Amino acid sequence: MRKKIETKRITMDAVLTATALVIFIIELQFPEIIPIPGIKLGLANVITLVAMFRLGPADTLAILLGRILLGGMFSGRIISVLYSLAGGLLCYGVTLLLRKTVSESQIWVCGVLGAIAHNVGQILTAVALTRTPELFGYFPILVVSGILTGAFTGGIAAFTVKKTKKLWE
Amino acid sequence: MIKTKTWIMIFAAMLLIFGAVSFWSFTRPSKGTVANIYVNGECVRSVDLSLVTESFEFTVETSAGTNVIQVEPGRIRVKEADCPDQVCVHAGWIADSANPVVCLPHRLVIRLEKNGKSADGPDAVSK
């Protein structure tokens, strides 16, 4: 019996990593309409949120790291991995802390605060790499974009978690 | 458990506050007219935009790639770059903005400041 559960879990992790990776790569093809570094939808975070609320922290971390590392390799943007890691891990931390505080219909809140945390991580990395503290000037606009994009992706995650209830039993 | 209504109020307040601050951040003027171009935090070239009379271009090579920078009287931009996201190119011209133009993949930053920071000083006159 235990073995069956393990198999299902590994399969779920693999499927979600693959899904997140595809979403991530597709989003990279979107044109950069807003000329401000760091503004993007962050659709792959939908998978992180779904995994956090359905599979738990350990699986989510594996899926997140798998997606970031493979995403860097598949897109050829190795330099971006550092930014993704800083943003992704901070976002993961915030989502982990909030997991028990929010109800399932409030998952979008995790999306918002996670997106803000993600952008903070990216600014810190950018400031450290370019040694340009002036980049903090982009912080307020990245909070605004984090709230909007986070509510959007978080809403999708809440919907997905609700609609796929049977899948996880 | 915090109510959904409370969360919405918190985020709406944050949107207003940070929206106002970003507006201020994007419209505040730069401290000077010297464009300093930094790679990895080191100034590689300075151009005093107020002294530019004819437009010119130059290429900055970084270990990650190249950026073609175009200067016109009073303004500067990244014209071309071989970075994947092209954010620096889409940022367009800056003339008096305190917010820098950045190319994160190449760790290149263009900042408008009061004084030239490169070893040779501003070179708008010579080029």
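A:Glu6 is partly exposed, with a relative accessible area of 26% (buried means under 20%, exposed over 50% and partly exposed in between, with a 1.4 Å probe and protein chains only). The model is predicted, so local features need pLDDT of at least 70 and side-chain atom pairs count only at pLDDT 80 or more, while totals for chains, interfaces and linings use all residues. Residues are numbered from 1 along each chain as its sequence is written, chains are lettered from A and ligands numbered from 1 in the order in which they are written, and side-chain values use heavy atoms, with hydrogens and water left out.

**Exercise 1. A salt bridge within a helix**

Task: Determine which element holds A:Arg9 and A:Glu6, and how many residues apart they lie.

Solution. 
- Step 1. The side chains of A:Arg9 and A:Glu6 form a salt bridge, at 3.9 Å from N to O; the term requires a side-chain nitrogen of Lys or Arg within 4 Å of a carboxyl oxygen of Asp or Glu.
- Step 2. Both residues belong to helix H1 (residues 2-29) of chain A and are three residues apart, about one turn of the helix. Helices (H or I, at least four residues) and strands (E, at least two) are DSSP runs numbered from the N terminus.
- Step 3. A:Arg9 is partly exposed, at a relative accessible area of 36%.
- Step 4. A network of salt bridges links A:Glu6, A:Arg9 and A:Asp59. Over all chains, the structure holds seven salt bridges.

**Exercise 2. The interface between the chains**

Task: State how many residues of chain B are in contact with chain A, and what area is buried between the two chains.

Solution. 
- Step 1. With contact taken as heavy atoms within 4.5 Å, 32 residues of chain B touch 33 residues of chain A.
- Step 2. About 3,000 Å² is buried between chain B and chain A, and carbon and sulfur atoms give 73% of this area. Buried area is the accessible area (1.4 Å probe) that two parts lose on being put together, summed over both.
- Step 3. One salt bridge is counted between chain B and chain A. It joins A:Glu134 to B:Arg111, whose closest N and O atoms are 3.3 Å apart.
- Step 4. This pair crosses between chains, from A:Glu134 in the loop between helix H5 (107-130) and helix H6 (139-163) of chain A to B:Arg111 in strand S7 of chain B.
- Step 5. A:Glu134 is partly exposed at 30% relative accessibility, whereas B:Arg111 is buried at 10%.

**Exercise 3. A hairpin in chain B**

Task: Identify how strands S4 and S5 of chain B run, and how many bridges join them.

Solution. 
- Step 1. Strand S4 (residues 66-72) and strand S5 (residues 75-81) of chain B run antiparallel and are joined by six bridges; two strands pair if DSSP finds at least two bridges between them.
- Step 2. B:Asn67 stands opposite B:Ala81 in S5(B).
- Step 3. S4(B) and S5(B) form a hairpin with two residues between them, and B:Gly74 in the turn has a positive phi of about 85°.
- Step 4. B:Glu72 and B:Arg75 meet through their side chains in a salt bridge of 2.9 Å, N to O.
- Step 5. B:Glu72 is partly exposed, with a relative accessible area of 21%, and B:Arg75 is partly exposed, with 31%.
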